[in-house]
Amino acid sequence: MDIAALNETKGGIAQYCPPACYELAGMKFYFWMDDGFDYELEFLDKKRVRWNFVGKEPAEANYLCAKGDDTTYLVSFELENVEQRENHTFVIDLENWLVTRIIGKIGENPRYPYLITPHYEFGMIKRDGVEYVSYPRHGFTSDLEGTVVQWNYGQMETVHVYYCTNFYRITYVPEKVTSADFNENMMDMPSSDEPTAYIKIKKGMYLFSLTEANLEKLKGAEFGFRSNTMCMLQNYKRVYQVGRTFGTMTGQDGQDIPLHLLFGAFGQLRTIDKHFLEDPNPFIAD
């Protein structure tokens, strides 16, 4: 099944996605990464990117690109011709010449072969006449702790509760829940808590990254979406986000459908019953 057709059929999360961004076509980047594994990207045209870890042979892939603001880009691509599906995602910040890299591979965990564990790294974008320095950087943050946002993806609206620095929980606007099956599956869980990362890109701009790990461990194919990872570049000056999802969907026929697509949402800050912010996380030992 074509991913675009799947998304259209679900009436789903790409309704408010902006048009694909082609502004990086023809540009080449060298990323000084803090883990020492520097990285190069060359955007060959509007669809293809050449990538490599410095010192390794380059390869090519189709890429997706969206903008969080005029100078901040979310870039995502899936590796081609690899045994295990693997995604490389970047936040390229041309205001501060900084970069965040997220690498996720399906199949690293032998007990949960669909589970994805994102690996985060930060770095600096190389440019002529500027020496390498070790700071400042994008970085993990507690800035969003206690924030509640109602995100409108189109037919579906969800309420994200950012109650701590490494988990979030989700609830729904009751009058706008459109999928009884989806809601029933969530209600059958101990809670909606899932592991997350909150990364500050700059003032008013954050990367929120979540992994559907607990759903995968407890529901598996029953839920359908198999440990998808979602990276959301959130602009709080406009209360708007662009994001990408990477993972797998198991269809009703039992066949796996690879997922990799862009989406967008408009949001509004809101208040919520305090128990959503204070309830213990059942997945963490008391």
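**Thr89 and its surroundings**

Leaving aside residues up to four places away in sequence, Thr89 touches Leu74, Val75, Ser76, Thr100, Arg101, Ile102 and Arg244. The model is a predicted one. Within it, Thr89 belongs to strand β6, which runs over residues 86-93. Because its relative accessible area is 0% and the cut-off for burial is under 20%, Thr89 counts as buried.

One of the residues that Thr89 touches, Arg244, is also a polar partner. The two side chains meet in a polar contact at 2.8 Å.

The secondary structure consists of four helices and 17 strands. The radius of gyration is 19 Å, close to the 19 Å that the globule rule gives for 286 residues, so the protein is as compact as a globular protein of that length. The C-alpha trace spans about 55 × 40 × 40 Å along the principal axes.

Contacts and burial can be described for the chain as a whole. Of the contacts between residues at least 6 apart in sequence, 52% join residues at least 24 apart. Of the 286 residues, 52% are buried, and Thr89 is among the buried ones.

The surface and the charges remain. The charged side chains number 28 positive and 41 negative. The centres of these two sets lie 4 Å apart.

Conventions:
Residues numbered from 1 in each chain as written. Predicted model: local features only at pLDDT ≥ 70, side-chain atom pairs only at ≥ 80, totals over all residues. Heavy atoms only, no water. Helix = DSSP H or I, 4+ residues; strand = E, 2+ residues; numbered from the N terminus. Rg over C-alpha atoms; globule rule 2.2 N^0.38 Å. Buried < 20%, exposed > 50% of the residue type's maximum accessible area, 1.4 Å probe, protein only. Contact = heavy atoms within 4.5 Å. Lys, Arg positive; Asp, Glu negative; His and termini not counted. Charge placed at Lys NZ, Arg CZ, Asp CG, Glu CD. Polar contact = N/O pair within 3.5 Å; in protein donor to acceptor, adjacent residues only side chain to side chain.
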